[in-house]
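The sequence and coordinates come next.

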Amino acid sequence: MTENSKKSTLTLSDLYDETIVYNSRPSYVSNPWLKPEEHQSNFLTGREMIISNKMPMIVHEASITDRLQQLFEIVGKSIPSHIYKFHDRETYEEAFNQIVNKEKKKIYFQYIHSEDIITDDCYAVDKEVFVALNNKARIPEWTNHKYLPEREIVSINDFKARVKDWSFPFVIKPGDDLPTAGGYGVMICYNEEDLENATQRIFEASDATDNLIIEQKIEAVKNFCVQYAYSEEIGIKYLGTAHQITDEYGFYAGNENVHDVPQHVIDAGREIMENGVKLGFFGVAGFDLLLDEHGEVFAIDLNFRQNGSTSMLLLQDELNPNYQKFYSYFSKGDNEKFFNTILKYVKQGVLYPLSYYDGDWYGKNEVNSRFGCIWHANSKEEVEQLEKAFISEFKNN
């Protein structure tokens, strides 16, 4: 049995003790490279509930309504009891006060928050370590200067002059400590128009960003997210690998399962994880590793935090092993129709629910509902047919 074929039965409470609370929401204070819409940020808070087990979490109230409970019951799950609820910025930040000052616990953040919101000593993983490991400019340190595309780090003031030496296509990324997600901070340039648009975004971020990365665009045949977990009790554990679905400009559009991952890709990820652990990291991490036509591995992003597809990897024993796809969907205005369509496919046993952000919590059809899930069936073609029918059912009036 290869490492790739081993299944994981971990939950989050196997990795973190009872003094740590999980928080996956970005701060209400956005930055130029991460501008999530408020409801999307609230939706993110429910994504890991089904794998949390006993781990306490901070979750928006619209993500834990009766509609989610209905979906969970079909797959034999229930909403965890260890939940800190919030409904707006004030109650979100009040939860921090309750957790840190009254209960003397620490918070495991997916995204850093400014020190005027929560002090650095309240992070479960040392904040400086967390920031350093997720800084794209410092990737060479964590890869032992291997697996790297050609790249150059430039000051934002020198960018226009330096980028003239690069031939299309290339990639531009922020090179500072500010968090990014879902490809939002990645600018792939195929031509002068793309570069012009990227330059405008860079100009808008100039007050918050000092450095940029210009990087060779790898012509990848595979785009893997290779994931690991670490705690003192279990050591480093390979969780599995998902294939990332992105468009030509790098925007994230979900993940699908992979049956055969080259061992040297898994080994490269483990080497990176070992470096993070040496620095003091613990928990789940996923690394975006590209494989080119020659079989060479390139590390383009290191996410020392949980990834969208983490739940898919941890739920393997409950899913059809042949084909799985993690994705999220938004209602098109009729939330009840959206929910009833979801219900139909969950009952069919082809759609596994992870999270449901109930827009009707705000009032009937006031906000579009959102749904995070895993499709699982006998083949990719079957899922594509199911997904097409599903989308057409809730979109059409």
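Is alanine 198 buried or exposed? Alanine 198 is buried, because its relative accessibility is 3% (buried means under 20% relative accessible area, exposed over 50%, partly exposed in between, with a 1.4 Å probe and protein chains only). The model is predicted, so local features need pLDDT of at least 70 and side-chain atom pairs count only at pLDDT 80 or more, while totals for chains, interfaces and linings use all residues. Residues are numbered from 1 along each chain as its sequence is written, and side-chain values use heavy atoms, with hydrogens and water left out.

Stay with alanine 198. Helix H8, residues 192-204, holds this alanine (helices are DSSP runs of H or I with at least four residues, strands are runs of E with at least two, and both are numbered from the N terminus). Beyond the neighbours within four places in sequence, alanine 198 is in contact with Ile172, Met187 and Cys189 (contact means heavy atoms within 4.5 Å). Phenylalanine 298 is 100 residues from alanine 198 in sequence. Their C-alpha atoms are 23 Å apart.

Now histidine 243. Strand S10, residues 235-246, contains this histidine. Histidine 243 counts as buried because its relative accessibility is 16%. Leaving aside neighbours within four places in sequence, histidine 243 is in contact with Lys222, Asn223, Gly254, Asn255, Glu256 and Val258. Alanine 137 is 106 residues from histidine 243 along the chain, and 24 Å separates their C-alpha atoms.

Turn to the charges. How many salt bridges does the structure hold? There are 20 (a salt bridge is a side-chain nitrogen of Lys or Arg within 4 Å of a carboxyl oxygen of Asp or Glu). One of them joins the side chains of glutamate 318 and lysine 77, at 3.0 Å from N to O. This pair links distant parts of the chain, 241 residues apart. Glutamate 318 sits in the loop between helix H10 (310-314) and strand S14 (323-330). Lysine 77 sits in the loop between helix H3 (66-74) and strand S3 (83-86). Glutamate 318 is partly exposed, at 35% relative accessible area. Lysine 77 is also partly exposed, at 24% relative accessibility.

Another salt bridge pairs aspartate 301 with lysine 136, at 3.0 Å from N to O. Aspartate 301 lies in strand S13 (residues 297-303) and lysine 136 in the loop between helix H5 (127-133) and helix H6 (139-142), so the pair ties together parts 165 residues apart in sequence. Both aspartate 301 and lysine 136 are buried.

Arginine 151 and glutamate 215 form a salt bridge too, with the closest N and O atoms 3.2 Å apart. Arginine 151 is buried, and so is glutamate 215. Elsewhere, salt bridges link Arg67, Asp358 and Asp360 in a network.

Which residues form a negative surface patch? Asp17, Glu18, Glu232 and Glu233 do. Patches take residues with over 30% relative accessible area and no salt bridge, joining like charges within 9 Å and nonpolar side chains (Val, Leu, Ile, Met, Phe, Trp, Tyr) within 5 Å. Accessible areas come from the Shrake-Rupley method with a 1.4 Å probe, and for residues only the protein chains shown count as cover. Lys and Arg count as positive and Asp and Glu as negative, with His and the chain ends not counted. Each charge is placed at NZ of Lys, CZ of Arg, CG of Asp or CD of Glu. Glutamate 18 lies in the segment before strand S1 (20-23). Glutamate 18 is exposed, at 60% relative accessible area.

Next, the backbone. Phenylalanine 168 and proline 169 are joined by a cis peptide bond, with omega about -5°. Proline 169 lies in the loop between H7 and strand S6 (170-174). Asparagine 53 is not a glycine, yet its phi is positive, near 60°. Asparagine 53 lies in the loop between helix H2 (49-52) and strand S2 (57-60), and is partly exposed at 41% relative accessibility. Tyrosine 147, also not a glycine, has a positive phi of about 60°. Tyrosine 147 lies in the loop between H6 and S5.

Finish at asparagine 157. The loop between S5 and helix H7 (159-163) holds this residue. Asparagine 157 is exposed, with a relative accessible area of 72%. Isoleucine 139 is 18 residues from asparagine 157 in sequence and 22 Å away in space, C-alpha to C-alpha.
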